[in-house]
Amino acid sequence: MKGVAELVIAGVMSTGIVCPSNAATLTNMDDVGAAIQSCWTPPADAGNSTVTLSFSFKRDGTLIGPPRPTAAKVAGDEKARKSFIDTAVAAVKNCTPLNFSPDLAQGIGGNVFTLQFVSPKK
């Protein structure tokens, strides 16, 4: 079985940040997490919410299938839950393809990653 890597992304409010798909080469998983974080704007009414997504990359930085929520704790009703999860999924999709260094690309293909999105503390 392939390895699983885990990243935790804390929510930040951004204003029109361009996603890094054409940005500098990413050399490690911390870079990958920061790149995806820069693409995420949690809903304003997120409260104390988290969602964990599972996804895999090809060596060229594209996704292998859509990110899938594996755990979610979202404040509010079903509409709030859907909105929070949808913004996290969109962040991953909109940030790809990522530009991996040759060394990172060599080991990343097909591995399953989990990424936790955490709403900002209020």
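1. A residue is called buried when its relative accessible area is under 20%, exposed when it is over 50%, and partly exposed in between (1.4 Å probe, protein chains only). The model is predicted, so local features need pLDDT of at least 70 and side-chain atom pairs count only at pLDDT 80 or more, while totals for chains, interfaces and linings use all residues. Residues are numbered from 1 along each chain as its sequence is written, and side-chain values use heavy atoms, with hydrogens and water left out.

2. The chain has 3 helices and 4 strands, which follow one another from the N terminus as β-α-β-β-α-α-β; these are DSSP runs, with helices being H or I of at least four residues and strands E of at least two, numbered from the N terminus. Of the 122 residues in the chain, 40% are buried.

3. S119, in the segment after β4 (112-118), is buried, with a relative accessible area of 2%. Its side chain reaches the backbone oxygen of G47 at 2.5 Å, and a polar atom of the S119 side chain lies 2.8 Å from the backbone nitrogen of S49. A polar contact here is a pair of N or O atoms within 3.5 Å; within protein, one must be able to donate a hydrogen and the other to accept it, and residues adjacent in sequence count only if both atoms are side-chain atoms.

4. In helix α1 (residues 29-37), the buried residues are V32, G33, A35 and I36. They lie on the same side of α1, because they cover an arc of only 160° around the axis, the arc being that of the directions from the helix axis to the C-beta atoms.
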